[in-house]
Amino acid sequence: MAWTEPITWTNVLSDASDFNEQIRDNLLALKQPPTSHYEANELSNYSTFSTTYANLDSDWSFSFSSNGGDLLIGLAACATGLDFGLLDVLIDSTRIANNTSGGIRKIVSSNTTNVSFLRWVRGLPAGTYTITLQWKNNSGGANSNTMRAGAGTVNEDVHPRFWVREVS
Amino acid sequence: MSWTHPRTWLPEKITADKLNQEIRDNFTALKDPQHDEYAPSYAAGNLISTSSTSWTTMTDFELSLTTEGGDVLIILNVDVDAAAYFDIEVNNSRKGGSDGTMGTSAAGPILLIWLLTEIEPQTLSIVGKWKVPSGTANILASTCPYFSAREIS
């Protein structure tokens with residue numbers, strides 16, 4: 001349900017349409033905000049040698065319609081990165097780190113480690129945005145970054161989850 | 001916009017002032033709650049460093065939040081380059097154990113999430129704290145360290 005900016009009431013006789021928009025619809029907008037999520041359970045893990053930011057695949061990209069306001073963006077995942085790598089989130093054409101050398105989470109170990117993150121993105125105008133999880137490898141040499149994605153790997157069958165929610 | 005505890009309506013005249021307080025102002029307070037954050041932009045190298053083996057404030061990781069009462073969600077999201085422990089201090093009271101709420105034995109990510117519940121109306125001082133078991137640890141500036149506190153419904 002779309003959010004409508006609350007009006008300033010005046011001493012006029014209000015009708016049902018005012019109450020429906022201002023109370024019913026806005027309560028629904030707060031109770032059921034826009035949310036997108038993807039949980040991976042793939043046949044194989046994700047892997048990259050790319051030294052420039054790239055999408056994991058199309059599943060990790062959402063077309064997100066916001067009422068305007070703040071988004072909470074989170075990733076729960078494990079990965080390995082012998083030569084280290086970086087994760088970031090692209091919102092339309094701008095990554096949160098907004099620098100080719102930066103990111104918002106580092107993949108740092110040859111062991112499977114936590115690469116989860118959680119942060120707010122604030123003050124988005126109402127509109128539709130393309131929100132995408134991206135990553136890159138530091139060296140592009142012999143060692144790739146690998147994100148566990150189910151794949152039935154013994155002792156490493158973990159399912160990463162990426163989500164975006166408008167939160168008031 | 002501040003929150004006002006919702007009234008219990010009686011058989012009474014509904015005035016514009018009442019509707020503005022109960023509907024306009026309270027919906028606005030829910031939609032845009034109190035929020036403070038420290039979110040430095042990307043930079044090369046390290047942001048802050050410590051060799052302290054006793055709890056010390058993470059420089060600039062200090063927030064102030066005036067809450068109308070309710071719950072507050074705290075997020076600390078950083079990457080560290082060596083073993084370190086992390087905690088949250090609220091109004092001079094550290095929340096975790098002797099070694100904090102979260103730690104790492106080697107370089108890696110830190111995601112510390114804390115939900116304060118049923119907080120009375122007040123101004124909260126929320127501070128990130130850290131220490132090392134030995135040696136020196138640095139918070140990376142290149143992965144956009146993030147620290148936030150938000151009133152959440």
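Student: In what order do the elements of chain B run from the N terminus on?
Tutor: The model before us is a predicted one. From the N terminus, the elements of chain B run α-β-β-β-β-β-β-β-β-β-β-β. That order holds one helix and 11 strands.

Student: What makes chain B more spread out than a compact globule?
Tutor: The globule rule gives 15 Å for the 153 residues of chain B, whereas its radius of gyration is 20 Å. The value is well over the rule, so chain B is more spread out than a compact globule. The C-alpha trace of chain B spans about 70 × 30 × 20 Å along its principal axes.

Student: How many strands does chain A have, and why is chain A called more spread out than a compact globule?
Tutor: Chain A has one helix and 14 strands. For its 168 residues the globule rule gives 15 Å, but the radius of gyration of chain A is 20 Å, well over that figure; therefore chain A too is described as more spread out than a compact globule. Its C-alpha trace spans about 75 × 35 × 20 Å along the principal axes.

Student: What share of the residues counts as buried in chain B and in chain A?
Tutor: A residue is called buried when its relative accessible area is under 20%. By that criterion, 48% of the 153 residues of chain B are buried, and 45% of the 168 residues of chain A.

Student: Which strands form the open sheet of chain A, and in what order?
Tutor: Four strands form it, in the order β2-β13-β6-β10, and their pairing is antiparallel.

Student: Why are β2 and β10 of chain A said to stand at the edges?
Tutor: β2 (46-48) and β10 (113-114) of chain A each have a single partner strand, so one side of each is left without a neighbour in the sheet.

Student: How far apart are the mean positions of the positive and negative charges in chain A?
Tutor: In chain A, the mean positions of the 11 positive and 16 negative charges are 9 Å apart. In chain B, those of the 10 positive and 19 negative charges are 7 Å apart.

Methods
Residues numbered from 1 in each chain as written. Chains lettered and ligands numbered in written order. Predicted model: local features only at pLDDT ≥ 70, side-chain atom pairs only at ≥ 80, totals over all residues. Heavy atoms only, no water. Helix = DSSP H or I, 4+ residues; strand = E, 2+ residues; numbered from the N terminus. Rg over C-alpha atoms; globule rule 2.2 N^0.38 Å. Buried < 20%, exposed > 50% of the residue type's maximum accessible area, 1.4 Å probe, protein only. Lys, Arg positive; Asp, Glu negative; His and termini not counted. Charge placed at Lys NZ, Arg CZ, Asp CG, Glu CD. Pairing = 2+ DSSP bridges.
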